[in-house]
Amino acid sequence: MHTGLMRSKLFVPGSRPELFEKAWRSPADAISFDLEDAVVGEKKAEARERVGAELRARGARRTQTVIVRVNPVGGRLFESDLDAVVQPGLHMINLPKIEDVGAVRDAAARLDRLERERGIDLPIGILVNIETPKGLRMTAELAGASDRVAGLQLGFGDLFEPLGIARTPAALHQVRLAARLAAGEAGVPVYDGAFVGVADPAGYQAEAEAARALGFAGKSCIHPSQVAIANAVFAPTAAEVERARRIVAVADEMEAKGVGAFMVDGDMADGPFIARAREIVRMAERAELDV
């Protein structure tokens, strides 16, 4: 299963083919073609055909993570969406409004069948949207529902707006922390929701930084102008990478001597700190950071 960095995930409405080229040319780590909320009912079939054709023409040649947000599992549009987009070059499907493990497992089973029929060798992952009260309550179960689950994605609009919950830092923090801990239990990453204030880059950055402080791996983008912010916020800083490399170097030396805990720059480092340092070094390498 594809496991590339997704610091930034740029949404592209499937009904707007004039935006496809701009998305491909952006520095976004992931491109997410949307067949769900961004496409009105009478445009669903056309959008599905356009995205399917785009993936056949371009998807298999891309280095970016390629995602399609399909319509809800069990609905009349879901199977048609999968039939159109499951092909080489698709890395993940994004399942909206998931509330029970059965829906995740049903999607996984359908992917199994389509991959066998079409000779697709690299398994397609599932990105699970957490955007309803029940979905939030079931987050840990959903994250562990299938080996295909590659991560969780928060959707604040669908979660907050129907309940009249203001998008305050306190409300965001509570949802994020719950999702991050559930994702950690399952061993998968979690990604922050979209920020609709395209003309407010400072607001986007503030949300991204708050999510990053809770261990989130990236954030959705609804406009190309948000991509660079996400890429910068969710990349380790030069100081973080330098310190992580020092910890890893000392850890390698100490482990050879049978020592599991040691001091680096006046702070103790042991198991969880060493593991985090190794992950930061891997992130820097995957992002090809010049640090």
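Which residues have the most contacts inside the largest nonpolar core? In this predicted model, where local features need pLDDT of at least 70, side-chain atom pairs count only at pLDDT 80 or more, and totals for chains, interfaces and linings use all residues, that core has 65 residues, and those with the most contacts inside it are Phe-33, Val-68, Leu-90, Ile-93, Ile-126 and Val-128. Residues are numbered from 1 along each chain as its sequence is written, and side-chain values use heavy atoms, with hydrogens and water left out.

**The cores**

A nonpolar core is a set of buried Ala, Val, Leu, Ile, Met, Phe, Trp, Tyr and Cys residues joined through side-chain atoms within 4.5 Å; buried means under 20% relative accessible area, exposed means over 50%, and partly exposed lies in between, for a 1.4 Å probe and protein chains only. A second, separate core has 13 residues, among them Val-241, Ile-274, Ala-277 and Val-281. In soluble globular proteins, nonpolar side chains tend to be buried together.

Contact is counted when heavy atoms lie within 4.5 Å. If neighbours within four places in sequence are left aside, the contacts of Ile-126 include Ile-93, Leu-95, Val-104, Ala-107 and Leu-111, and also Arg-148 and Val-149.

Helices (H or I, at least four residues) and strands (E, at least two) are DSSP runs numbered from the N terminus. In helix α3, which covers residues 78-85, the buried residues are Phe-78, Asp-81, Leu-82, Ala-84 and Val-85. These residues are on the same side of α3, because they cover an arc of only 165° around the axis, the arc being that of the directions from the helix axis to the C-beta atoms. They pack against α2 (44-58), β3 (65-69), β4 (92-95) and α4 (101-118).

**Two helix pairs**

Two packed helices are described by the angle between their axes and the distance between the axes. Here the axes are lines fitted to C-alpha atoms, for helices over the stretch in contact, and angles run from 0 to 180 degrees between N-to-C directions.

| Helix pair | Angle | Axis distance |
|---|---|---|
| α2 and α3 | about 25° | 8 Å apart |
| α11 and α12 | roughly 125° | within 8 Å |

Angles under 35 degrees count as roughly parallel, over 145 as roughly antiparallel, 65 to 115 as roughly perpendicular and the rest as oblique. α2 and α3 are therefore roughly parallel to each other, whereas α11 is oblique to α12. Residues of α2 that make the contact include Val-51 and Leu-55, and those of α3 include Ala-84 and Val-85. In the other pair, residues of α11 including Val-241, Ala-244 and Val-248 meet residues of α12 including Ile-274, Ala-277 and Val-281.

**Single residues**

Arg-176 has its place in helix α8 (residues 169-186) and is buried, with a relative accessible area of 3%. Not counting residues up to four places away in sequence, Arg-176 touches several residues, including Phe-156, Asp-192, Glu-207 and Phe-216. Arg-286, in helix α12, is partly exposed, with a relative accessible area of 44%. Arg-286 and Leu-5 are 281 residues apart in sequence, and 7.2 Å apart in space from C-alpha to C-alpha.

Lys-97 lies in the loop between β4 and α4, and its phi is near 55°, a positive value in a residue other than glycine.
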